[in-house]
Amino acid sequence: MKKNKSTFYTLLALPSIILTTLIFIVPILMIILRSNCGMEDIIELVKDRYTWSLVSFTFFQAFLSALISVIIALPFAFFFSFFTFRGRSLILTLSDLAFALPAIIVVLGFVIWYGNNGVLNQILSLLSDGKLKLNILYSFPAIILAHVYLNFPVAFSILTSALTECGNEEEKSALFLGKKKLSIFFRITLLKIKGSVLSTFILIFLFCFPSFLIVMTLGGNPKYYTIEAEIYRRAFISGSISSSSLLAIFSFFLMTILLLITGYGREEKKIKRNRKILVKAKGKYAFLAFLLSLLILLFMLPPLLSILYRAFFTKTGEFTLKAWKDISRETTRGTITGLNAIILSLLTGLSSAFLATEMASMLSLAAQKRSSRLLPLISSLPMAMGSVTIGLGLGYLRSIVNIKSTFFSFVLIVLAHTTLTLPFALRTIMPGAKKISPRLAYSSFTLGKGKWETYNKVEKPLLKSYKRKSFGFAFALSLGETNATLCLGLGKITTLPLLIYKMINQYNYQGASALAIILLLVSIVVFALSERGGKENAIS
C-alpha cells in the first residue's frame, strides 16, 4: 500500500517535475549552445585575472553583507526573544514584511534619502549651515548598506524566532552559579542556535551572491560589478554573446557548488525545546526596549518615508499631484504607462505565484511520501542560475524559435519568475507536508476512500495555509523582480519595477516614487493576506 501510495504522489507530481526540469534545463542548454566555446575558451576564462577578480568581489560582498546582517541582528534578536513590551509585535511584523520589499524600492529609497542632494544631506546642511555632507552612494559601502538594509530584517526575524523557541534552563542554571551574562550568551545561548545562525548566514549569502540591481545602480562603477552584473553588461551592453554565455555557465557551476557545499534545500533537523517565557520589560529594560526599537525604525523607515515624501513634493518642497495624474498617461517613450505597468505586474505576479505554489505543493507531497531529499535539492538549483542568466537563456530560446510576439515574451517572463520563486515556495510548503500524519490517509482508505479523494479532501486542505503563505511570498518576489524582465521584455513588456528602474535612470524621482508606493502597497497587502490566520498548528 505504501509503495502504491508513493507511486500515486509521484505520478501526481510528474507534470510539476517535468515542468521544473524543463524551465531549469532549457535556459542552461540555450546558453551552452550560444556560447560556442571549446576547451581553449574555458581554459582562457579560468586563467583570466578579471574572471577571478569578479569571483573574489562577488564572494566578498556577499560574505560581508551576510556577516554584518547576522552580527547586527543577533543582539536585537536576543533582547526581543527575552522581553515583551509595547510595540514588540509591531517591530516583528515590520521585519516580516521586509520579505515583501522589492529591491527596486530599496534602490529608489537610497537614492532619495542618501543621495548627494538627498533628503539626509538636505537635513544635515540645514543643521550644520552647509558644512556637513555625506557621500554614500555610488560606492562599495553603499552596496553593503543596501544589502544589510534588505537582509537585517530577515536575520532579525529568523533569529528572534529561533531564540524564542529555544528554552533558557541552561542559562538560568549558569546565572545561578555566578556566571556573567555575556559569557553565558557566547558559551551557551549562541551554541544552542548555531544551526539557525549558520542557515541565516547562508540564506543571506545566497541572496547577495547574484546581486545585480543594487550593484548596477548604487555601486556606480564597473569595479563593483558582481558576476551577474558582468554577464548583463557583456550580453546587453557590449553585445558579446559568446563571452557572456561562457561566464554564465561558469557562474552556474560555481553557484551549484556553493549550494551543494552549504546544503541549501536539504532537510533541517530541529531539536524540540521548551518555548521561552517572555519577561515584561521594566525600568532600564523598558528604556532599552524603546531604544532598540527606535534604532530599528530609524534604520528602516527613512528611505521608505523619503519615497512617500517625494511622491507628493517636488525637490524644492512644493506640494504636487502631478506624478499621480501621470500614472495613466504616457510616462516613457512609446506607449507604456504606469497603469499598463501595474496591470502587467499583477498578471505576471498572479500567474507565476499560482504556478510556483501548485508545483511546490505537488513536489513537497511527493518528496515527503517518498522520503526524498533529491527533489528539494533539485528545486533549489534554479537559485544557482541567477535571474539574469535565466533571462539570458530564455531569450536565446526565443531567438532560436524566432517568435517575437509580445504574448510569447510574457509567457517566457512568467516562466522565468516561476523558476526564481519555486525554491522559496517549496521551502514554505514543505513543513506543512511533513506535518501530515500517514494515519490520516490510512484512516481514509479504511473508510473506503480512494487515493485521489483522500488527497483532494483530506491532505490537500491541510496545506491550505501553507499554500496561502507560499502564494503571497512568491507573488511578492515576482512583483519586485526586475532582472529577468529586463532581459526578456524587449522594450514591449514593462512591469512596475522595470518602469521605476527606467524612471530612476531618467532622474524622474517623483514619478518613480508614486509608482513605488503602489508597488509597495500591493506587495504588503498580498503578503499580509497570505499571513492571515496565524501559524498552522502541528498536525499529528
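Biologist: Which residues line the second largest cavity?

Modeller: This is a predicted model, in which local features need pLDDT of at least 70 and side-chain atom pairs count only at pLDDT 80 or more, while totals for chains, interfaces and linings use all residues. Residues are numbered from 1 along each chain as its sequence is written, and side-chain values use heavy atoms, with hydrogens and water left out. A cavity is a set of points, on a 1 Å grid over the protein atoms alone, where a 1.4 Å probe fits but cannot get out, and a lining residue has an atom within 4 Å of a point. By that rule the second largest cavity is lined by T58, F209, P210, I227, E228, S251, M255, M383, A384, M385 and G386.

Biologist: How much space lies in the second largest cavity?

Modeller: Its lining has seven nonpolar, three polar and one charged residues, where Ala, Val, Leu, Ile, Met, Phe, Trp, Tyr, Cys and Pro count as nonpolar, Asp, Glu, Lys and Arg as charged, and the others, Gly among them, as polar. Helices α12 (227-237) and α13 (241-262) each supply at least two of the lining residues, a helix being a DSSP run of H or I with at least four residues, numbered from the N terminus. Grid points are joined across faces, edges and corners, and a volume is the space filled by probe spheres set on the points. For the second largest cavity, that space is about 50 Å³.

Biologist: Which helix gives the most to the lining of the largest cavity?

Modeller: The count comes to two cavities of 30 Å³ or more, and about 910 Å³ of space lies in the largest. The largest cavity is lined by 35 residues, with A103, F207, F424, L477 and N483 nearest its centre, and by class the lining has 22 nonpolar, 11 polar and two charged residues. At least two lining residues come from each of α7, α10 (194-208), α11, α19 and α22. With five residues, the helix that gives the most is α19.

Biologist: With which side chain does the side chain of H147 make a polar contact?

Modeller: H147 is in helix α7, and at 3% relative accessibility it counts as buried, a term that means under 20% relative accessible area with a 1.4 Å probe and protein chains only, whereas exposed means over 50% and partly exposed lies in between. Leaving aside residues up to four places away in sequence, H147 touches Q61, S65, S69, C208, S211 and I214, contact meaning heavy atoms within 4.5 Å. A polar contact is a pair of N or O atoms within 3.5 Å, of which, within protein, one must be able to donate a hydrogen and the other to accept it, and residues adjacent in sequence count only if both atoms are side-chain atoms. At 3.1 Å, the partner of the H147 side chain is that of S65.

Biologist: How many residues apart are F76 and F152?

Modeller: The structure holds 36 aromatic pairs, in which rings of Phe, Tyr and Trp (its six-membered ring) have centres within 6.5 Å and count as stacked under 30 degrees between planes, edge-to-face over 60 and tilted for the rest. F76 and F152 form an edge-to-face pair, 5.7 Å centre to centre and with 80 degrees between the planes. The pair links distant parts of the chain, with F76 in helix α3 (residues 49-80) and F152 in helix α7 (residues 140-165), and the separation is 76 residues.

Biologist: Which residues of α24 are buried?

Modeller: Helix α24 (residues 496-505) is mostly covered, with eight of its 10 residues buried. These buried residues pack against α5 (103-114), α11 (213-219), α16 (338-369), α22 (464-480), α23 (483-488) and α25 (509-531). They are L496, P497, L498, L499, I500, Y501, M503 and I504.

Conventions: 1 Å grid on protein atoms, 1.4 Å probe; cavity = no way out; pocket = protein on both sides within 12 Å on 5 of 7 lines; lining within 4 Å.
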